[in-house]
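Here are my notes on the two-chain model, as numbered points. Have the coordinates open while you read.

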Amino acid sequence: MNEDIINQIAQESGEKTDVIEEKQVTTWLVFAIGQKKYAVRSSDVLEIIRDVAVYRLPFMPGYIEGVLNRRGDPFTVINPRALIGEEDTRPPEEPLFLILKRDDDQLSLHISDILFFTDIEEGDLNIIPGNNDEGFFLGTLVYSGDEIPALNTNAFELLIRKDLGSA
Amino acid sequence: MRKLIISSVLPPAIVALFACFSFYLVNMSIVRKNVDTTVDAAIYKLKGDIQGILQPTIDKMSNWQAIVKEIHDEAALSRIVRDDEKTLFHVMKGISSDLSEDTMFYYATLISRFKRGGFFINSVGWVPDPDWEPSSRGWFKDAVANKGQFTYTEPYVDDRTGKLCATFSQSIDDNRGRVIGVAAMDVMLDELSQVVLDTKVSERSNVYILLSDGRYLTNPDSSKIMSENYFTGKRASDLKMAGYKMEDFFDGEEKSFVYKDSFYAVSRIGSSPWFVMVDGVISDFSAVFIHKLIIILCILLVLGGGSAVVNVWILGSMRKKERGLAGRLLSETQNLAVASKENAATSQDQNVAVKEVVATMEDNTTLSENISEKIKGVSGIAAKTSGDVAEGVAFLSENVRQLHEIATANKTTIEGIKALGEKIENIWDIVTLINNVADQAKIIAFNAELEASSAGEAGRSFHIVATEIRRLADGIIDGTKEIKERITEIQQSSDSLILTSESGTEKIQEGVENAKNLEERFSSIKNASEVTANSAGDITTIIQQQAVASEQILITLKQIASGVENFTVATEHISKASQNLKSIATDLSGSDDSSQLEE
């Protein structure tokens, strides 16, 4: 019975894939920091972890909370609030982290909640005109009438490299 | 003045006449008494004189009796008589030596003088006829028949002396009491007549000796002796009118009485059949008194006239003073009349006022009775209230007990709710654990989706499964969230319920306290209602007593009202009397003076 359901879902997905292939759909992961929603490409996210300890590091910029231990690998914990212009710059209280998928760096964002995945066509992404790679926002996407800012994960890596001089 | 003289003279004259009449009556009474006394004294003296005449006869009889008893032996007596008859004669002669010559003393034996042992002797030597037998004589028979007593014969004319005489005889007994003879004595009645004639009670009085049949034994007119009777003619009718018949008159008792203007007295002489009779006229005694009475009357009249003159003089002077006093009396009488009128008006006002007071008191009595009835009603209500309050106190006690039970039940409920809250806390922990698991599952599902996305086309199916798992986790999270909300609501409700219950407990406790306070208040009310009931009873008693007192006051006021009315009437009478007194004073003072006074 489950197989029947899976096949049905697969058929429906296949039909959609056919459409996506035609329209260049991108999956976005929508999450919350405080009361605000943000989105990142799901391809930029390696894993979501929670309930791990953040170890504070001395002499770090304010947006770096510390490091966390992901099954033996250390990841830098970035407080996005300190970077994206929020009035309240304090890190979220919930111990929830997005492990970013980077080729040569290990970064994580401290978020409040993980909400859902959504597939957005490329044309539906409202890109900010004149935005470069150092900007924290790529643009905005619309979901159920809400306009959700889309974060640029590369900007965080570039800022750390710039601030820590490890480029 | 003429009236004054008449009023002065007439009363003393009337008094004098009345005094004389009274004096006359008193004197007549004294005279009658004096007549009785005098007649009694005269009869007593006459009887003494007659007894003095007859006493020697009695003494002779006694001496002879003694002598005969000394020689009681009949044989001896016969011998004495035979031997010396003259000796016995001399003895008898000696005994009767002091007698008059006409008086003869004699003795006859019971045995005939013609038989042996029988004899007859006498003191005067009288020789009887040869055939004369003593035992055939009346004096002899009477003496033998009345043994030991004196007997009397009727008066007769003595053959020997030719004088009127009577024979006294007595039987002679021996020492054994047997009659042996009879001694007798002839007494001449002229001696008695002389004694009677010598006796005088008053100037016109008569003294007689009468036989028991009324015949005269003595009389100044000797022709009437033994021939006429005292009870004849006017005297007999007067004595009958006085209530005496002849047999009553000579019944032996002494009598003295006055009839009309005569007096009468009779008395028996000893045991004889003879009676002393005295009669006469009262005027012999009263003449002196009447003479004195006339003198006294004259003296009284003279004194009365003198006193009348003095009275006239005194009354004249008194009249002058009287006129002055009458004037003053008239003035005072006018004042008295005015005062009486004012008094009458005042008493009438008082009468009206007292009647108003009586009416008010009657209303007051009615009000008191109404109050008494109301108080009785209040007393009944108070008693009922007391009972209701006692019942209320019992209800309150029951209410307090039930409130205690409610408080205990509420406390138990609170503890149960708290225990339920603790259990809900445990559920909360479980739900939290489930939520954590769901979160973990959700994260795992997200990661699975990420992995499926990164796997590309190969991870499409896995991506689908991960998505469903994520949705399932979201559903669980939503469910746990809802459970948490419900639990929170339950906890809030529980807390609210606990707070409400605790508040209810406090309220119940306050209710208990209030009920206790209410019970105390009700107890106070109960006591107060009992006191009220008792007080109402006392008030009822007091009101009843007050009603009785009011009735007493009312009765007294009615009596006062009656008294005031009487006083009003009396005042009117006084007013009229003062008017009369005024007219009297006017009359007393004379017309001229009265006109001046009236002016």
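1. Starting with the interface: 17 residues of chain B are in contact with 21 residues of chain A, contact meaning heavy atoms within 4.5 Å. The area buried between chain B and chain A comes to about 1500 Å², with carbon and sulfur atoms giving 62% of it; buried area here is the accessible area (1.4 Å probe) that two parts lose on being put together, summed over both.

2. Bear in mind that this is a predicted model: local features need pLDDT of at least 70 and side-chain atom pairs count only at pLDDT 80 or more, while totals for chains, interfaces and linings use all residues. Residues are numbered from 1 along each chain as its sequence is written, chains are lettered from A in the order in which they are written, and side-chain values use heavy atoms, with hydrogens and water left out.

3. Two salt bridges are counted between chain B and chain A (a side-chain nitrogen of Lys or Arg within 4 Å of a carboxyl oxygen of Asp or Glu). Lys442(B) forms a salt bridge with Asp113(A), and the closest N and O atoms are 3.7 Å apart.

4. Chain A has an open, mixed sheet of six strands, ordered S3-S7-S8-S6-S5-S4. Strands are DSSP E runs of at least two residues and helices are H or I runs of at least four, numbered from the N terminus; two strands pair if DSSP finds at least two bridges between them. The edges are S3 (45–50) and S4 (54–55) of chain A, each pairing on one side only.

5. Inside that sheet, S7 (96–100) and S8 (107–111) of chain A run antiparallel over four bridges, and Leu96(A) has Ile111(A) as its bridge partner in S8(A). Helix H2 (153–164) of chain A packs on the sheet, touching S5, S6, S7 and S8 of chain A, and its direction makes about 115° with that of S8(A) (axes are lines fitted to C-alpha atoms, for helices over the stretch in contact; angles run from 0 to 180 degrees between N-to-C directions).

6. Which residues of H5 (233–241) of chain B are buried? They are Ala236(B), Asp238(B) and Leu239(B), where buried is under 20% relative accessible area, exposed over 50% and partly exposed in between (1.4 Å probe, protein chains only). They sit on the same side of H5(B) because they cover an arc of only 160° around the axis, taken from the directions from the helix axis to the C-beta atoms. On the other side, Gly233(B), Lys234(B), Lys240(B) and Met241(B) are exposed.
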